[in-house]
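Let's walk through this structure together, one spot at a time. Have the viewer ready and follow along.

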Amino acid sequence: MNALRATTSLLLAMCTWLSVVAQTTGTISVKLRVVNEQQLPLANSTVELLKGEKLVKIQMTDTAGYAQFWVAPATYICHISRVGYTDVITLDFKLDNSNSAITLSDVVLHTNNQTLQEVKVSSRKPFIEIQAGRTLVNLEASTVLPVAMC
């Protein structure tokens, strides 16, 4: 029983080590901080890491305004957004194996002063409703059937 426990522990340790090595080999840490005009951190901002126009990774900033990615060497840009603020797209930055970590300068998001003139709230029944013991099809919610048939 002790031999089985020792073997299991050894295998678990090896798998953990291999997982850490696989995640860090050939990857570079990219870290950036998102702040507002008063240099206060903006938590829950969306940071998209793009290679060209292709989305590579996406992450929300933490309470200190930081987002961090582990990526392979390449040329990237970041698209940063948050509700109530103007989006920012960074300049291209190239990552190579000469650095294992890079910290970009703070990204400042400016408040969007655009206000809504009018908000209309409407609702309609879903086309398919699943209730206890039955499934309902609401024909009036269909986008295919003409209104006269409903």
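L139 counts as partly exposed because its relative accessibility is 41%; buried means under 20% relative accessible area, exposed over 50%, and partly exposed in between (1.4 Å probe, protein chains only). You will find L139 in the segment after β11 (134-137), where strands are DSSP runs of E with at least two residues, numbered from the N terminus. The model is predicted, so local features need pLDDT of at least 70 and side-chain atom pairs count only at pLDDT 80 or more, while totals for chains, interfaces and linings use all residues. Residues are numbered from 1 along each chain as its sequence is written, and side-chain values use heavy atoms, with hydrogens and water left out.

L139 also belongs to a nonpolar surface patch with F127, I128, I130 and V137, and together these residues have about 500 Å² of accessible area. Such a patch takes residues with over 30% relative accessible area and no salt bridge, joining nonpolar side chains (Val, Leu, Ile, Met, Phe, Trp, Tyr) within 5 Å. Accessible areas come from the Shrake-Rupley method with a 1.4 Å probe, and for residues only the protein chains shown count as cover.

Now turn to S45, in the loop between β1 (28-35) and β2 (46-51). S45 counts as buried because its relative accessibility is 0%. Beyond its neighbours within four places in sequence, S45 is in contact (heavy atoms within 4.5 Å) with V34, Q59, M60, T61, S81, R82 and L109.

Finally, look for charges. The structure holds 1 salt bridge, meaning a side-chain nitrogen of Lys or Arg within 4 Å of a carboxyl oxygen of Asp or Glu. R33 pairs with D106, their closest N and O atoms lying 3.2 Å apart. This pair links distant parts of the chain, 73 residues apart: R33 sits in strand β1, and D106 in the loop between β8 (101-103) and β9 (107-108). With 35% relative accessibility, D106 counts as partly exposed.

Definitions and conventions. Patch = residues over 30% accessible without salt bridge, like charges linked within 9 Å, V, L, I, M, F, W, Y side chains within 5 Å. Helix = DSSP H or I, 4+ residues; strand = E, 2+ residues; numbered from the N terminus.
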